[in-house]
Structures are given as structure tokens and as C-alpha cells.
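These notebook entries set down what I looked up in one structure. The sequence and the model come first.

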Amino acid sequence: ETGGSFVPNLTDQGSTSFPTSVAFTSKFAATTAGVQRLSIDDSGTSTFVGDLKIAEVGNKGQLFFGTDNTSYEIKGGGTYGYISLNAPLLRLDTGGAERMRIDSSGRLGLGETNPESILHIKGGNPEIRVASSVDGQTSRIALTEDQDGDTHGGYMQYVGNGDTLRLGIINSGTDTDVLTIKDDFQVGLSTISPEGKFTVVG
């Protein structure tokens, strides 16, 4: 021990009597290749340098924290990964400010600390953008009543091939464009090819 800290040289060579605990006065430090990788001070604060990897056992790696190891956990490995927090909310911060939270009812707030719906977005002049990856594709928002989301409902879509905004109805899985607005401001009702300022078919 030097200056209140002790750097041990512990080697496990397969002995069944390898110690399960070692007592140090004020600080524990582990060093490899001349670089300190782990330190634990007398307050219990641990500092890691480098990556922390959890070995996969039984198709999963697990990190537990909190007083109950079933209440706060991060799991991953194999074909799945998830965060499980038995807490009233999950929040994510960036730049020292809260940006997102999920409450105990599963409501998601973006810029909103008290979400009142399944998705609640708040901000200065907020915008939701749905963009296609290349020109000429269709960007779409669908509102449906059934669990699978493909039987009955309505939609709004921008069709890049033709540059038209369309509102439509989904009936028994079939899409029908009801209102079309072209980029030259021509409007069509029951037609996707209006020929004047306002064209009605039917």
C-alpha cells in the first residue's frame, strides 16, 4: 500500500482456493500493460477505462443494478436484447436536458415530461417528417382500427412518382384514393389525375 492505495498482482491459475474477497484500506486498482483499467475508491465509486463486456451465458449477457437484481436489468445476446426497469419511468437525456421518457403506462413523451397519449410530442414549432430514401417513392401515414393495421382505416401519402398528395380510405384491405392534390395545386375528388383547379369524378 502506497499513498492510501494498493495495486495488487492477483493471478488465478485454476486453483479452487482463489480468494473470493480481498480487503484494501482505501482504493483498489487493476492495471494491464502499464495502464490503470479499473479503480474502486473507499466511497464505492468504480471507474473503468476501456470497454466493459459481459460474457454471453445461456444465450444472454446480463447487467443488474439497483437493490433487487430482478428490478433493474439490461440484457442482450443471441437474437434479442432489452432493458427491463421496474421503475415508474424511463428517461433519456442529452446535453444535460431530458429529451424522451416512457411512463409506467407505456406513454412516450418527446420533449414532454407528462405524456397524455401513447405518443406525445412537444417543442417549438415541432415537425414530424417521414421521408423516402430516394426520389420517386411514396411516404405514407396510415390510421387503422384493427390490430394488424391492414383491413380498415385511412391514410395520407405523398406519391413521389407524380408529385401528388393523396388522402384515402382502406376498406377490407383495399386502398382507395379519395382526394388528390397535385404540386401545381390542382385538386381531384375520386380521381388521381385532376385536369383543372377542381375535378370531381363520380
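My entries follow, beginning with the basis of the model.

**Entry 1. Basis.** I worked with a predicted model, in which local features need pLDDT of at least 70 and side-chain atom pairs count only at pLDDT 80 or more, while totals for chains, interfaces and linings use all residues. Residues are numbered from 1 along each chain as its sequence is written, and side-chain values use heavy atoms, with hydrogens and water left out.

**Entry 2. Overall counts.** I looked up the secondary structure and found zero helices and 16 strands. Helices (H or I, at least four residues) and strands (E, at least two) are DSSP runs, numbered from the N terminus. I noted that 16% of the 202 residues count as buried. Buried means under 20% relative accessible area, exposed means over 50%, and partly exposed lies in between (1.4 Å probe, protein chains only). The accessible surface comes to about 14,800 Å², and 52% of this belongs to carbon and sulfur atoms; the areas come from the Shrake-Rupley method with a 1.4 Å probe, and for residues only the protein chains shown count as cover. I also looked up contacts, meaning heavy atoms within 4.5 Å. Among those between residues at least 6 apart in sequence, 3% join residues at least 24 apart.

Entry 3. Two strands pair if DSSP finds at least two bridges between them. K27 has D41 in β2 as its bridge partner. Two residues stand between the strands of this hairpin. A33 is found in that loop, and its phi is positive, about 50 degrees, although A33 is not a glycine. Most residues other than glycine have a negative phi. A33 counts as exposed, at 77% relative accessibility.

**Entry 4. The six-stranded sheet.** In which order do the strands of the open sheet stand? I read the order as β11-β12-β13-β14-β15-β16, with mixed pairing. β11 (138-144) and β16 are at the edges with a single partner strand each, so one side of each has no neighbour in the sheet. From one strand to the next the twist averages 20 degrees; axes are lines fitted to C-alpha atoms, for helices over the stretch in contact, and angles run from 0 to 180 degrees between N-to-C directions. Strand β14 (residues 174-182) and β15 pair in the antiparallel sense over three bridges, and I181 stands opposite V187 in β15.

Entry 5. I looked up R166 in strand β13 (residues 164-171). Is R166 buried or exposed? R166 is buried, with a relative accessible area of 12%. Its side chain makes a polar contact with the side chain of T164 at 3.0 Å. A polar contact is a pair of N or O atoms within 3.5 Å; within protein, one must be able to donate a hydrogen and the other to accept it, and residues adjacent in sequence count only if both atoms are side-chain atoms. Not counting residues up to four places away in sequence, R166 touches several residues, including Y155, D177 and I192.

D163 lies in the loop between β12 (153-159) and β13. I noted for D163 a positive phi of about 55 degrees, although D163 is not a glycine, and a relative accessible area of 29%, which means partly exposed.

T191 is placed in the loop between β15 (187-189) and β16 (198-200). T191 is buried at 15% relative accessible area and, leaving aside neighbours within four places in sequence, is in contact with T180, T199 and V201.

**Entry 6. Salt bridges.** How many salt bridges does the structure hold? I found eight, a salt bridge being a side-chain nitrogen of Lys or Arg within 4 Å of a carboxyl oxygen of Asp or Glu. One of them joins the side chains of E98 and R101 (2.5 Å, N to O), and both residues are buried.

The side chains of R140 and D175 meet in another (2.9 Å, N to O). R140 lies in strand β11 and D175 in strand β14, so the pair ties together parts 35 residues apart in sequence. R140 is partly exposed at 32% relative accessibility, and D175 is partly exposed at 40%. Finally, I noted that salt bridges with shared partners join R91, D93, E98 and R101 into one network.
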